[in-house]
Amino acid sequence: MLLPACKVSRQAHRCLYALRSAGKDCHLPLCAARWASSTVPRITTHYTIHPRDKDNRWEGISMERFAEEADVVVVGAGPAGLAAAIRLKQLASEHGKEVRVCLVEKASQIGAHTLSGACLEPRALNELFPDWKERGAPLHTSVTEDKFGILTKNSRIPVPILPGLPMTNHGNYIVRLGHFVSWLGEQAEALGVEVYPGYAAAEVLFHEDGSVKGIATNDVGIQKDGAPKATFERGLELHAKITVFAEGCHGHLAKQLYNKYNLRQNCQPQTYGIGLKELWLIDEKKWKAGRVEHTVGWPLDRHTYGGSFLYHLDEGEPLVALGFVVGLDYQNPYLNPFKEFQRWKHHPTVQPTLEGGKRIAYGARALNEGGFQSIPKLTFPGGLLIGCSPGFMNVPKIKGTHTAMKSGMLASEAIFNQLTNENLQSKTLGLDVPEYEDNLKKSWVWKELYAVRNIRPSCHGPLGVYGGMIYTGIFYWILRGMEPWTLKHPGTDAKRLKPAKDCTPIEYPKPDGKISFDLLSSVALSGTNHEHDQPAHLTLKDDSVPVNHNLALYDGPEQRFCPAGVYEYVPVETGDGLRLQINAQNCVHCKTCDIKDPSQNINWVVPEGGGGPAYNGM
């Protein structure tokens, strides 16, 4: 039987308000003795690495947390999480049931951390809201033209897009995904979903029987050196019958769940790409509303997976979204994805579109590229994974929003059936919903991902990316994914880097300030901001590893693969070497460092809720 849904108590509101306001005004002085090693400068101060129970500065500090009960808690307000929450409330309304759904989101506003190309396939949206046009969904630009080409250094070789190939975009829409997500948030709230932006899910809670109990939001009011401020407040616990994890690509809670429940036992490692994006206002004479352009090739070599996009939006002004994706399985530690992107914009077929224009936004985000082979087990007692967290992106299409939304909808349908099953006998306190995974495997999502499963790994042959294009043209276009084999990925992205001594440094041209730009001025356009006086959320398991391993063997690749200038190697004060400096306030939450670090020493955890980029329709 369902318990009656209740409104958030006044006590909970006071707790949430305190969490939001804590740490903004009253600061304690720094502790006199900052931990340090005689040989390695102390970098990490976060409690996940240095437990508070071993730190006498925390003696006497109350660690009690207020708890709220819900039927379902959703972690992450992206397309998948919002679609799941909406579908649950739709079903509850249709059947006259009360279901309390709480959704937490680390961004200060719904959509503020969302970044994608994005060319949206509306299939899942049509199922969720058949009347989305009447509801005012911000899908203003239908695709009118598809272009694809291979770039050489000075020219472009056009490639025809045959009907049925993944790159065909007839019927799709060019969107600003952050605006679309914000609209989904409005629909969710109108249906009664309790949406809490600015509260990051920092911890998974468990019942004594090992099933998931819910989540706890982040603590606030902690000094940079890890000591409590006078304004310290514990996070809020949200307990639920089932918790839906929709954190997006490489979620930090999902990583813990993979290990606890061995969810990746029967799948291949996930692989990733880093996507960098800019928005430009251009000369109206060069603007072709509805045009979609993609390229592969220059400036990357054939063994480095990646490519570009250039989308012409129809939003009342001559706006284009352009970006560059680099597969994070690249091998040369000197490669710099941000600088490859800036160099690409100077290509003779790209630069003319941007000349005379103005760049107005910048951002970056990792994306899943493992596909079908890398999907983990999706359910476990008390919880399940949806969206880009487990990885439902269709890589050849460069689309994952429609599959992410559908996974959330299927999850909610399975959850609702269990919540309303009066004869349900659960073996654990947290509900297990294996029907979700069963139903997903019967859906169009599974069929779509299975059909394209071999395209991305086919790029690892002698011909590289061009071998993947040949494979697509022969096997996918003719057999539609029915070939009786499944290719494998070569391993994790972190293990793909070669030592610096075996690679050639890459010389990048200096930015001209008109078409190409430096990194810090780019990050400034992302609106990124974090409370400075808090422990860095880019934590190191061992502070000595960056210099002794990454710098020594790979020439410090983190200072190049980070698209926000978070990691710098700077001279030590004594002048006899280098040390790693982490500029955590620059972090755009892309997760690339956690993925690509060759020593797997970096662990990305959530900062205080509300911190991070402030994208406007990225």
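The buried residues of helix 5 are His252, Leu253, Ala254, Lys255, Leu257, Tyr258 and Tyr261. "Buried" here stands for under 20% relative accessible area, while exposed is over 50% and partly exposed is in between (1.4 Å probe, protein chains only). Helices (H or I, at least four residues) and strands (E, at least two) are DSSP runs, counted off from the N terminus. Since seven of the 10 residues of helix 5 (residues 252-261) are buried, this helix is largely enclosed by the rest of the structure. Just after helix 5 comes Asn262, with a positive phi of about 55°.

A word on where these values come from: the model is predicted, so local features need pLDDT of at least 70 and side-chain atom pairs count only at pLDDT 80 or more, whereas totals for chains, interfaces and linings use all residues. Residues are numbered from 1 along each chain as its sequence is written, and side-chain values use heavy atoms, with hydrogens and water left out.

Next, strand 1. Strand 1 (residues 67-75) is mostly covered, with seven of its nine residues buried. Strand 1 pairs in the parallel sense with strand 13 (residues 237-245) over eight bridges; for two strands to pair, DSSP has to find at least two bridges between them. Val73 stands opposite Thr243 of strand 13. Strand 1 also pairs with strand 2 (residues 101-105), again in the parallel sense, over four bridges, and there Val74 has Leu103 as its bridge partner. To get from strand 1 to strand 2, the chain crosses through helix 2 (residues 79-95), and this β-α-β crossover is right-handed. Right-handed applies if, with the strands pointing away from the viewer, the path from the first strand over the helix to the second runs clockwise.

UniProt's unreviewed entry puts a feature called "domain: FAD/NAD(P)-binding" at residues 71-124. UniProt positions follow the numbering used here, feature names are shortened, and annotations may be inferred rather than shown by experiment. Over residues 71-124 the chain is 35% helix and 22% strand, with the end C-alpha atoms 25 Å apart. The unreviewed UniProt entry also lists "domain: ETF-QO/FixX C-terminal" at residues 513-616. That span, residues 513-616, is 24% helix and 15% strand, and its end C-alpha atoms lie 22 Å apart.

Now for the rings. A search of the whole structure turns up 16 aromatic pairs. Rings of Phe, Tyr and Trp (its six-membered ring) pair if their centres lie within 6.5 Å; planes under 30 degrees apart count as stacked, over 60 as edge-to-face and the rest as tilted. Phe245 lies in strand 13 and Phe380 in strand 19 (residues 379-380), so the pair ties together parts that are 135 residues apart in sequence. Phe245 is buried at a relative accessible area of 0%, and Phe380 counts as buried at 1%. Ring pairs link Phe206, Phe245, Tyr261 and Phe380 into a cluster.

The charged end of Arg52 sits over the ring of Trp58, 4.5 Å from its centre. Lys345 lies over the face of Phe341, 5.3 Å from the ring centre. To count, NZ of Lys or CZ of Arg must be within 6 Å of the ring centre and within 35 degrees of the ring normal.
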